[in-house]
Amino acid sequence: TVIHGMICRHPEHSESPAGIPHTVLTIEHRSMQQEAGFNRQAYVRMQVVVSGTELQQQARKLMLGHQIKVSGFLNRHQNRSGQSKLVLHAQQIEQIS
């Protein structure tokens, strides 16, 4: 899965009990897509989870307002109240601007 968008919240950095560093980015994607022969405005806000030391150097340089392209896999996360949401686990990040 590949998505591009703007970081719309300050990145959140943390570490798991096992010592694995994590960064959570929230990105906003807007684009025009074709569906059934018509133009359609696509919009989504999505959390991107960056885990492990390999991507952390790059993730720590990212700031609010940066445009990025992220590739990775989709997964379901469940919060403490049992509510689920779809998140993108980053395997590659490219800063566009």
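Biologist: Is Arg30 buried or exposed?

Modeller: Please note at the outset that the model is predicted. The relative accessible area of Arg30 is 52%. A residue counts as exposed when that value is over 50%, so Arg30 is exposed.

Biologist: How confident is the prediction, and in which element is confidence lowest?

Modeller: The chain has an average pLDDT of 95, and 100% of the residues score at least 70. Strand 1 (residues 2-7) has the highest confidence, at 97. The lowest confidence, at a mean of 91, belongs to helix 1.

Biologist: With which residue does Arg30 form a salt bridge?

Modeller: In general, side chains of opposite charge can pair when their charged atoms come close. For Arg30, the closest N and O atoms of the pair are 3.7 Å apart, and the cut-off for a salt bridge is 4 Å. The partner of Arg30 is Glu28.

Biologist: Which residues are joined with Glu28 into one network?

Modeller: Glu28 itself is buried, with a relative accessible area of 15%. Arg45 forms a salt bridge with Glu28, at 3.2 Å between the closest N and O atoms. Because Arg45 lies in strand 4 and Glu28 in strand 3, this pair ties together parts that are 17 residues apart in sequence. Through salt bridges that share partners, the residues joined with Glu28 are Arg30 and Arg45.

Biologist: Which residue meets Glu35 in a salt bridge?

Modeller: Glu35 is partly exposed, with a relative accessible area of 44%. The N to O distance in its salt bridge is 2.7 Å. The residue that meets Glu35 is Arg40.

Biologist: Where does Ala36 lie, and what is its phi?

Modeller: Ala36 is found in the loop between strand 3 (21-35) and strand 4 (38-51). Ala36 is exposed, with a relative accessible area of 72%. Although Ala36 is not a glycine, its phi is positive, at about 55°.

Biologist: Which residues touch the most other members of the largest nonpolar core?

Modeller: In soluble globular proteins, nonpolar side chains tend to be buried together. The largest nonpolar core here has 15 residues, and the members that touch the most others are Leu25, Val48, Val50, Ile68 and Ala90. The elements giving two or more residues to this core are strand 1, strand 3, strand 4, helix 1, strand 5 and strand 6.

Biologist: Which side chain forms a polar contact with that of His89?

Modeller: His89 is placed in strand 6. With a relative accessible area of 15%, His89 is buried. Among the residues in contact with His89 are Val49, Ser71 and Phe73. The side chain that forms a polar contact with His89, at 2.9 Å, is that of His77.

Biologist: With which side chain does Arg60 make a polar contact?

Modeller: Arg60 is found in the loop between helix 1 (53-59) and strand 5 (67-78). The contact of its side chain is at 3.3 Å. The partner is the side chain of His13.

Definitions and conventions
Residues are numbered from 1 along each chain as its sequence is written. This is a predicted model: local features need pLDDT of at least 70, side-chain atom pairs count only at pLDDT 80 or more; totals for chains, interfaces and linings use all residues. Side-chain values use heavy atoms; hydrogens and water are left out. Helices (H or I, at least four residues) and strands (E, at least two) are DSSP runs, numbered from the N terminus. A polar contact is a pair of N or O atoms within 3.5 Å; within protein, one must be able to donate a hydrogen and the other to accept it, and residues adjacent in sequence count only if both atoms are side-chain atoms. pLDDT is the predictor's confidence in each residue, from 0 to 100. Buried means under 20% relative accessible area, exposed over 50%, partly exposed in between (1.4 Å probe, protein chains only). A nonpolar core is a set of buried Ala, Val, Leu, Ile, Met, Phe, Trp, Tyr and Cys residues joined through side-chain atoms within 4.5 Å. Contact means heavy atoms within 4.5 Å. A salt bridge is a side-chain nitrogen of Lys or Arg within 4 Å of a carboxyl oxygen of Asp or Glu. Lists of a residue's contacts leave out its neighbours within four places in sequence.
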